[in-house]
Amino acid sequence: MSVVDDMHSVMDWLKAEVCPRVSLKEAQPMDAATADGYEYCTVHPEVFGMYWPVSDALIRPDYRPPHPGILVQVQDGSVGSADMDRSYRIRLHLGAWNPGHHDPDTWDPRDDVTFDRPLSYERREGDGFKPTYEGWQDAWSFVDTVVRELRNAESIGGLGVDHGERVSFGPYTEAGAVVDVYPYWFAWVEVTLKTASPPPTYLQEFL
């Protein structure tokens with residue numbers, strides 16, 4: 001296996017095990033997202049390797065960065081000189097998009113509750129769009145899900161989570177300040193992955 005193969009294995013694991021558990025607002029141009037006719041849409045995150053695919057913005061005026069999304073980057077790695085075991089420090093960049101409250105964000109309890117009809121909720125209509133800075137919660141709920149799946153995973157694309165190292169996370173910062181790129185919200189999760197060590201040669205005959 002190569003570094004590229006391992007990266008793709010991690011990306012495939014994220015697509016199969018993490019992304020289906022996350023549904024967030026799909027990024028839209030702001031003039032469309034704040035209009036009365038905005039059609040509410042949530043999607044599962046996309047997964048990318050090493051770089052966000054933003055170069056299309058140079059040739060497509062209507063291009064918008066794909067969010068929600070997970071970007072997989074190798075922070076550093078090492079390989080054993082004798083057994084060729086590999087270890088990676090992987091940073092997962094999590095991106096969400098949420099400019100505020102849209103009509104379908106709000107759920108009100110129905111007033112037709114009876115003995116045989118339990119409490120249920122319906123979407124509120126007519127409030128229109130209200131810009132808020134509460135979208136940061138989407139990114140951090142995203143973090144919670146990723147951390148939980150990493151901690152529970154037995155194998156990530158053939159790599160194991162190094163439980164001797166902490167799974168760390170945080171917001172994007174510059175000069176100590178959290179980066180504000182409303183309506184995009186970003187956070188990151190870092191984990192150490194390693195290949196499983198084969199048993200020593202002198203023990204293999206007993207396995």
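**Close-up views of a predicted model**

View 1. Planes under 30 degrees apart count as stacked, over 60 as edge-to-face and the rest as tilted. Take Tyr 133 and Tyr 182: their ring centres sit 5.1 Å apart with the planes at 10°, so this pair is stacked. The two come from distant parts of the chain, 49 residues apart: Tyr 133 is in the loop between strand E9 (130-131) and helix H3 (136-152), and Tyr 182 is in the loop between strand E13 (177-178) and strand E14 (184-194). Helices (H or I, at least four residues) and strands (E, at least two) are DSSP runs, numbered from the N terminus. This is a predicted model, so local features need pLDDT of at least 70 and side-chain atom pairs count only at pLDDT 80 or more, while totals for chains, interfaces and linings use all residues. Residues are numbered from 1 along each chain as its sequence is written, and side-chain values use heavy atoms, with hydrogens and water left out.

**View 2. Trp 185 joins in.** Tyr 133 is partly exposed, at 47% relative accessible area, and Tyr 182 is partly exposed too, at 27%. Tyr 133 also pairs with Trp 185, this time edge-to-face, at 5.5 Å centre to centre and 80° between the planes. That link again spans distant parts of the chain, since Trp 185 is in strand E14, 52 residues from Tyr 133. Trp 185 itself is buried, with a relative accessible area of 9%. Here buried means under 20% relative accessible area, exposed over 50% and partly exposed in between (1.4 Å probe, protein chains only). Put together, Tyr 133, Tyr 182 and Trp 185 make one aromatic cluster.

**View 3. A charge over a ring.** Look for Arg 91 lying over the face of Trp 188, 4.0 Å from the ring centre. The rule asks for NZ of Lys or CZ of Arg within 6 Å of the ring centre and within 35 degrees of the ring normal.

**View 4. The largest pocket.** This pocket has a volume of about 200 Å³. It has 13 lining residues, and the closest to its centre are Trp 136, Val 178, Val 179, Trp 185 and Phe 186. H3 and E14 each supply at least two residues of the lining. On a 1 Å grid over the protein atoms alone, a pocket is an open set of points with protein on both sides within 12 Å along at least five of seven lines, and lining residues have an atom within 4 Å of a point. Grid points are joined across faces, edges and corners, and a volume is the space filled by probe spheres set on the points.

**View 5. The largest nonpolar core.** Of its 30 residues, Leu 14, Ile 70, Val 72 and Leu 92 touch the most other members. Elements giving two or more residues are H1, strand E4 (69-79), E5, H3 and E14, and the largest share, 6 residues, comes from H1. Such a core is a set of buried Ala, Val, Leu, Ile, Met, Phe, Trp, Tyr and Cys residues joined through side-chain atoms within 4.5 Å.

How values were computed: Rings of Phe, Tyr and Trp (its six-membered ring) pair if their centres lie within 6.5 Å; planes under 30 degrees apart count as stacked, over 60 as edge-to-face and the rest as tilted. On a 1 Å grid over the protein atoms alone, a cavity is a set of points where a 1.4 Å probe fits but cannot get out, and a pocket is an open set with protein on both sides within 12 Å along at least five of seven lines; lining residues have an atom within 4 Å of a point.
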